[in-house]
Amino acid sequence: MFRFRDKTVYIISPERWGTMKVSKHHYALELAERNCRVFFIEPPDLSLKGILVSPCTDHPLISIVRYKPVFRGKRFLPHAVYRFLLKRQVKLLVSKISQKPDVVWCFHGYLFENLKWFGAPVNIYFAADQFFYDEVPPEIGSSLLTLAVSDTIYQRIKKRYDNVIQINHGLQSQFVKSAEEFLSGGLPLKSNAGLVAGYTGNLRMQALDREIMMQVIKDNPDVKFIFWGSFKKTELNLGGMQDQGADEFIDFLERCPNVELRGVVNSAALQKQMKEADLFWLCWKLGVDVLWDGSNSHKILEYLSTGKPVISHHVSSYKGTDYLNMMPSMENKDFPFFFKSILHAIRSGESIEVIQNRLRFAVDNSYSSQVDRIEGMIANREI
């Protein structure tokens with residue numbers, strides 16, 4: 001049976017390595033913990049010369065691969081020429097890394113087109129985000145296994161390819177440990193007259209429903225809002241907006257007396273500081289952009305791992321569950337009223353069973369558990 005043990009794994013990421021980490025980074029760390037040699041291939045960087053492979057300070061078995069593409073202007077090239085140059089790029093990367101892959105795990109669509117060019121026995125495409133284009137990434141066609149983190153992403157892929165399975169986001173080890181401690185040693189909920197609402201994530205990302213979020217903050221002056229995550233323009237290893245709207249939103253948050261911006265903190269510090277919150281929230285614009293359909297988010301599992309209640313926009317992948325207090329539809333105009341109504345319920349207290357259900361669900365979706373599941377999926381495909 002296939003196992004992620006002592007393997008050489010290339011992870012192809014649309015985001016660079018940095019302080020803020022999402023699924024691409026956490027899977028790399030989990031694989032390294034299983035004694036896999038991981039090469040984390042960052043998106044192309046025009047400022048470089050050639051290919052640079054450097055050690056990662058977060059784990060000795062992870063190397064960061066940065067490279068300048070051998071060509072530009074994809075849309076202006078004949079497809080045959082483009083494929084020839086792309087194959088050359090892959091050959092150069094494999095040669096520079098100097099260790100042939102056992103597994104290519106791709107999170108970055110529309111980049112290398114055919115994962116088989118890397119020569120790995122196992123190719124995985126992981127759809128952690130919605131797609132930029134109407135056509136799904138061609139890399140899926142060369143994958144043994146495709147994983148989709150939401151119902152809507154799964155349905156888009158399923159229209160074209162059969163090698164897709166839906167899987168939730170993962171939860172990193174610090175949060176898993178905390179959730180397990182809550183389950184075994186006592187409930188995490190505390191009673192506050194003035195509640196603390198927490199939010200984690202990039203505050204410059206396009207998905208945020210800024211107008212609604214500002215209204216919620218203004219409508220609840222007795223609630224303290226703590227934000228963890230990128231808001232400075234120098235902290236955007238995961239990308240983000242640097243337009244006037246994002247600047248005005250950050251300026252509003254900095255001026256609000258009931259808002260505290262903590263900025264970027266590492267995973268261990270974040271897990272500890274999140275215990276200060278009584279609830280968490282998530283409010284994205286839905287239906288305005290295919291990239292931001294709100295059907296799932298990795299931060300939800302982190303929220304649930306605290307056992308605290310979560311107030312959110314409509315998250316279709318959680319429909320039919322009681323893990324979230326979410327809007328019944330994709331329309332956010334009533335979110336401020338909805339937020340207040342849930343605050344009233346929170347102050348009245350929650351059942352132990354509801355809290356424990358959140359914790360158990362979070363633990364069951366650890367990155368370790370997800371890798372175990374993926375091993376089984378690969379084995380079932382009889383590679």
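Two residues are in contact when heavy atoms of theirs lie within 4.5 Å. This is a predicted model, in which local features need pLDDT of at least 70 and side-chain atom pairs count only at pLDDT 80 or more, while totals for chains, interfaces and linings use all residues. Residues are numbered from 1 along each chain as its sequence is written, and side-chain values use heavy atoms, with hydrogens and water left out.

View 1. Lys-299 belongs to helix α8, residues 299-304; helices (H or I, at least four residues) and strands (E, at least two) are DSSP runs, numbered from the N terminus. Apart from neighbours within four places in sequence, Lys-299 is in contact with Tyr-199, Thr-200, Gly-201 and Leu-282. Lys-299 is buried but has no salt bridge. Buried means under 20% relative accessible area, exposed over 50%, and partly exposed in between (1.4 Å probe, protein chains only). A salt bridge is a side-chain nitrogen of Lys or Arg within 4 Å of a carboxyl oxygen of Asp or Glu. The nearest side chain of opposite charge is that of Glu-302, 6.9 Å away; Lys and Arg count as positive and Asp and Glu as negative, whereas His and the chain ends are not counted.

**View 2. The aromatic pair of Phe-107 and Phe-126.** The structure holds 26 aromatic pairs. One of them joins Phe-107 and Phe-126, with 5.0 Å centre to centre and 35 degrees between the planes, and is tilted. Rings of Phe, Tyr and Trp (its six-membered ring) pair if their centres lie within 6.5 Å; planes under 30 degrees apart count as stacked, over 60 as edge-to-face and the rest as tilted. The pair links distant parts of the chain, 19 residues apart: Phe-107 is in the loop between β5 (103-106) and β6 (122-127), and Phe-126 is in strand β6. Both Phe-107 and Phe-126 are buried.

View 3. Ring pairs link Phe-2, Phe-4, Tyr-27, Trp-105, Phe-107, Phe-126 and Tyr-367 into a cluster. Lys-7 lies over the face of Phe-2, at 5.0 Å from the ring centre; the criterion is NZ of Lys or CZ of Arg within 6 Å of the ring centre and within 35 degrees of the ring normal.

**View 4. Helix α1 and the residue Asn-35.** Helix α1 (residues 23-33) is mostly covered, with 10 of its 11 residues buried. Among them are Tyr-27, Leu-29 and Glu-30. Asn-35 follows α1 and has a positive phi, near 65 degrees.
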